[in-house]
Number of protein chains: 2
Amino acid sequence: MSQAGASYHHGDLRAACLRAARELLEEDGSAALSLRAVARRAGVSPTAPYRHYADRDALVSAVAAQGYRELAVYLAAAHPAPATPGDLADIAVAYVRFALDRPALFRVMFAEQCDPTSEERVAATAAIWEYVRGIVRDVFPDADPEALSTTVWALVHGLAFLHLDGKLDASTPEVVAAQVHTAVNALFAVSPVLREVTAPPAG
Amino acid sequence: MSQAGASYHHGDLRAACLRAARELLEEDGSAALSLRAVARRAGVSPTAPYRHYADRDALVSAVAAQGYRELAVYLAAAHPAPATPGDLADIAVAYVRFALDRPALFRVMFAEQCDPTSEERVAATAAIWEYVRGIVRDVFPDADPEALSTTVWALVHGLAFLHLDGKLDASTPEVVAAQVHTAVNALFAVSPVLREVTAPPAG
DNA sequence: CCTACGATGTGTACATCGCTTACATTAGGA
DNA sequence: TCCTAATGTAAGCGATGTACACATCGTAGG
């Protein structure tokens with residue numbers, strides 16, 4: 001593409017760095033995202049990216065922000081207008097699938113220790129938060145949206161991470177989907193049991 | 001301590017490395033855990049730790065395993081014999097508090113990408129898993145222990161991570177505790193609402 | 001036309017890192 | 001007492017993040 005011209009200047013190195021970073025993450029997710037590797041991939045000198053990103057953190061934050069946006073459309077694609085708990089469960093499955101399909105990207109988004117005040121990041125995560133809250137409000141109009149949104153997001157996020165870390169069985173997508181469904185359904189099913197529990201003295 | 005002797009051999013460098021690593025994590029959690037820094041802290045040459053840890057991963061895994069064990073006693077201390085959902089919520093709060101008190105250690109335990117087949121790690125996480133399942137079985141004798149354990153652990157784990165990443169308000173311990181309580185209670189409170197939901201066609 | 005300038009990429013350099021290989025020191029059993 | 005294995009040291013390789021000076025290029029003003 002930009003190889004034919006092969007001019008001194010790249011044209012759009014900023015975007016090229018992002019693309020290169022994503023490619024590297026997908027090719028070898030276990031390797032740390034290195035600024036030099038990104039530069040190599042973009043066919044540019046090791047320090048060129050510094051013209052567009054203040055430091056490695058800035059690049060990582062940009063990648064993460066892009067990941068958030070992709071996650072949003074991914075979830076929206078899973079169900080355009082969720083209205084029932086079952087729809088919500090489908091979206092939960094999509095969330096976990098997203099994490100397992102792009103483990104490296106997901107780790108960059110949530111596990112990487114980086115500037116939490118990055119404007120792009122804050123905006124992107126706020127968007128996800130709003131999205132979740134909107135769904136919860138639609139599905140459970142009578143519940144406290146704040147509390148339930150937090151609960152749902154945390155549950156799904158925790159499932160994603162435990163799967164990612166191999167703490168749960170993630171052998172096949174079907175197994176994972178079933179597990180997520182079960183967990184989310186369990187969230188909606190324990191309450192009746194509660195009535196039976198009369199705090200039996202343990203010990 | 002071992003400075004007075006100052007002999008060529010350290011005595012117990014293995015343990016000293018672990019201790020040094022923990023100190024470094026607590027002093028500057030944002031910095032990556034470096035093997036050389038650990039060696040410096042232990043007052044030893046940069047390559048000495050390699051006699052006791054095959055590579056950086058092994059050190060990290062050892063630190064993580066120690067963290068798992070500490071988490072277990074921390075949770076047990078929060079409530080020795082949990083029997084009610086309220087007790088379980090207290091333990092959930094303790095879990096999140098543990099994460100926020102030792103953010104760097106918690107990240108090493110769960111966010112760091114390292115050998116998931118480390119024997120020590122596997123054993124330690126299995127122990128936590130058993131612990132959670134035991135509590136769930138005691139508190140909800142009639143529920144499916146597998147599913148509900150997964151749900152509870154994922155919920156609490158997700159809460160911890162979202163707090164750690166600044167995605168939720170973690171300004172004061174009280175706020176966090178209240179939020180965790182609310183979320184966990186929400187887990188037990190949505191079911192009645194469910195009966196009202198009859199899948200209204202969203203449009 | 002051409003020239004100076006700002007934006008962008010290059011080259012060099014330095015400190016740090018993980019890790020390997022070869023060597024030094026010491027403790028403890030034969 | 002001496003030998004051996006365990007343990008720590010020294011030196012070095014390749015890679016990384018980042019700072020600095022320099023090269024190149026599109027472009028606006030003369």
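Below are legends for several close-up views of this predicted model.

Residues are counted from 1 along each chain as its sequence is written, while chains are lettered from A and ligands numbered from 1 in the order in which they are written. Since the model is predicted, local features need pLDDT of at least 70 and side-chain atom pairs count only at pLDDT 80 or more, though totals for chains, interfaces and linings use all residues.

**View 1. Chain A is built from 10 helices and 0 strands.** Walking from the N terminus, the elements read α-α-α-α-α-α-α-α-α-α. Helices (H or I, at least four residues) and strands (E, at least two) are DSSP runs, numbered from the N terminus. Of the 203 residues in chain A, 41% count as buried. Here, buried is 20 or more other C-beta atoms within 10 Å of a residue's own, exposed is 12 or fewer, and partly exposed is in between, with C-beta atoms placed from the backbone. Contact is when two such backbone-placed C-beta atoms lie within 7 Å. Among contacts in chain A between residues at least 6 apart in sequence, 64% join residues at least 24 apart.

View 2. Across the join, 11 residues of domain 1 are in contact with 12 residues of domain 2. On the domain 1 side, helix H2 (13-27) and helix H3 (35-41) each supply at least two residues, and H2(A) gives the most, with 5 residues. By class, that side of domain 1 has 9 nonpolar, 1 polar and 1 charged. Ala, Val, Leu, Ile, Met, Phe, Trp, Tyr, Cys and Pro count as nonpolar, Asp, Glu, Lys and Arg as charged, and the others, Gly among them, as polar.

**View 3. H2(A) crosses H4(A) at roughly 75 degrees.** The two axes come within 10 Å. Axes are lines fitted to C-alpha atoms, for helices over the stretch in contact, and angles run from 0 to 180 degrees between N-to-C directions. The pair is therefore roughly perpendicular, a label for 65 to 115 degrees; under 35 is roughly parallel, over 145 roughly antiparallel, and the rest oblique. A:Cys17, A:Leu18, A:Ala21 and A:Arg22 in H2(A) meet A:Leu59, A:Ala62, A:Val63 and A:Gln66 in H4(A). That makes 6 nonpolar, 1 polar and 1 charged residues.

**View 4. H4(A) packs its buried residues against H2, H3, H5, H6 and H7 of chain A.** Those buried residues include A:Leu59, A:Ala62, A:Val63, A:Leu71 and A:Leu75. H4(A) has 23 residues and reaches 33 Å from first C-alpha to last, close to the 33 Å expected at 1.5 Å a residue. The expected span is 1.5 Å times one less than the number of residues.

**View 5. B:Val108 sits in helix H6 (residues 103-110) of chain B.** Why does B:Val108 count as buried? Because 24 other C-beta atoms lie within 10 Å. Leaving aside neighbours within four places in sequence, B:Val108 is in contact with B:Leu25, B:Leu33, B:Val60, B:Val63, B:Ala64 and B:Gly67.

**View 6. B:Asp169 is found in the loop between helix H8 (145-164) and helix H9 (173-187) of chain B.** B:Asp169 is exposed, with 12 other C-beta atoms within 10 Å.
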